[in-house]
Amino acid sequence: LILILILWPFYSIIAVAIVIEDGFPVFYRPYRGGYKNKPFRIFKFRSMVKNADKIGGCTTALNDSRITKVGNFLRKTKLDETPQLFNVIVGTMSFIGPRPELLKYVEKYEEDEKLIMSVRPGITDFSSIEFINLDEVVGADNADEMYEKYVLKKKNQLRIKYAKEVSFVTDFKLFVRTVLGVTKKAISFVLLSKHK
């Protein structure tokens with residue numbers, strides 16, 4: 001609640017910027033696999049054009065044409081993910097926990113992967129740090145195929161790792177690593193923008 005109060009003025013500016021560039025809605029609220037296999041709607045600032053999931057695939061490709069100008073800034077600074085504080089407040093997510101996955105992938109979980117659903121999903125975890133530049137990993141072509149072939153299994157292994165090692169110490173370490181990683185990414189984006 002305190003964080004939302006602090007961020008509220010920035011949220012207002014972001015919301016206005018999204019509406020000016022591409023209209024409503026401000027938020028993107030897709031379903032994700034949740035705690036004890038219960039689907040929920042995640043909060044994100046909309047960073048792509050309307051109906052982007054119908055225009056292209058589920059995975060965001062490198063230099064994806066569906067990303068808006070405001071959306072590009074939000075993604076590079078990870079500000080698009082911060083509305084998940086609302087999910088934390090209502091109890092569908094935690095600060096730290098396995099990043100919630102698309103339902104079509106969750107439905108295929110088997111064996112150890114089912115452990116992922118035994119803990120509350122979070123804003124950040126081992127996998128979000130490992131794949132902080134996911135678009136660069138999947139590349140510009142066939143992003144969904146690349147994600148399923150080279151990323152999904154590794155992400156699930158890292159999600160399982162969290163489920164098995166969940167503790168206050170683990171959460172604290174992941175929180176610090178996330179803050180450092182996002183700060184580094186944001187600074188790199190700002191510096192790169194100045195050189196253009």
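## Exercises on a predicted protein chain

The protein chain has 9 helices and 6 strands. The model is a predicted one.

**Exercise 1.** Determine how the radius of gyration of the protein chain relates to the value from the globule rule.

*Solution.* Begin with the length, which is 196 residues. For this length the globule rule gives 16 Å. The radius of gyration of the chain is 16 Å, close to that value, so the chain is as compact as a globular protein of that length. For the extent along the principal axes, the C-alpha atoms fill a box of roughly 45 × 40 × 30 Å.

**Exercise 2.** State what percentage of the residues is buried, and describe the accessible surface of the protein chain.

*Solution.* Of the 196 residues, 42% count as buried. The accessible surface comes to about 11700 Å². Carbon and sulfur atoms account for 61% of that surface.

**Exercise 3.** Find how many positive and negative side chains the protein chain has, and how far apart the centres of the two sets lie.

*Solution.* There are 32 positive side chains and 22 negative ones. The centres of these two sets lie 4 Å apart.

**Exercise 4.** Locate T178, decide whether T178 is buried or exposed, and name the residues that T178 touches.

*Solution.* First, T178 lies in helix α9, which spans residues 168-195. Next, the relative accessible area of T178 is 17%. Buried means under 20%, so T178 is buried. Finally, leaving aside residues up to four places away in sequence, T178 touches T124 and I129.

Note on methods: Residues are numbered from 1 along each chain as its sequence is written. This is a predicted model: local features need pLDDT of at least 70, side-chain atom pairs count only at pLDDT 80 or more; totals for chains, interfaces and linings use all residues. Side-chain values use heavy atoms; hydrogens and water are left out. Helices (H or I, at least four residues) and strands (E, at least two) are DSSP runs, numbered from the N terminus. The radius of gyration is taken over C-alpha atoms; the globule rule is 2.2 Å times the number of residues to the power 0.38. Buried means under 20% relative accessible area, exposed over 50%, partly exposed in between (1.4 Å probe, protein chains only). Accessible areas come from the Shrake-Rupley method with a 1.4 Å probe; for residues, only the protein chains shown count as cover. Lys and Arg count as positive and Asp and Glu as negative; His and the chain ends are not counted. The place of a charge is taken as NZ of Lys, CZ of Arg, CG of Asp or CD of Glu. Contact means heavy atoms within 4.5 Å.
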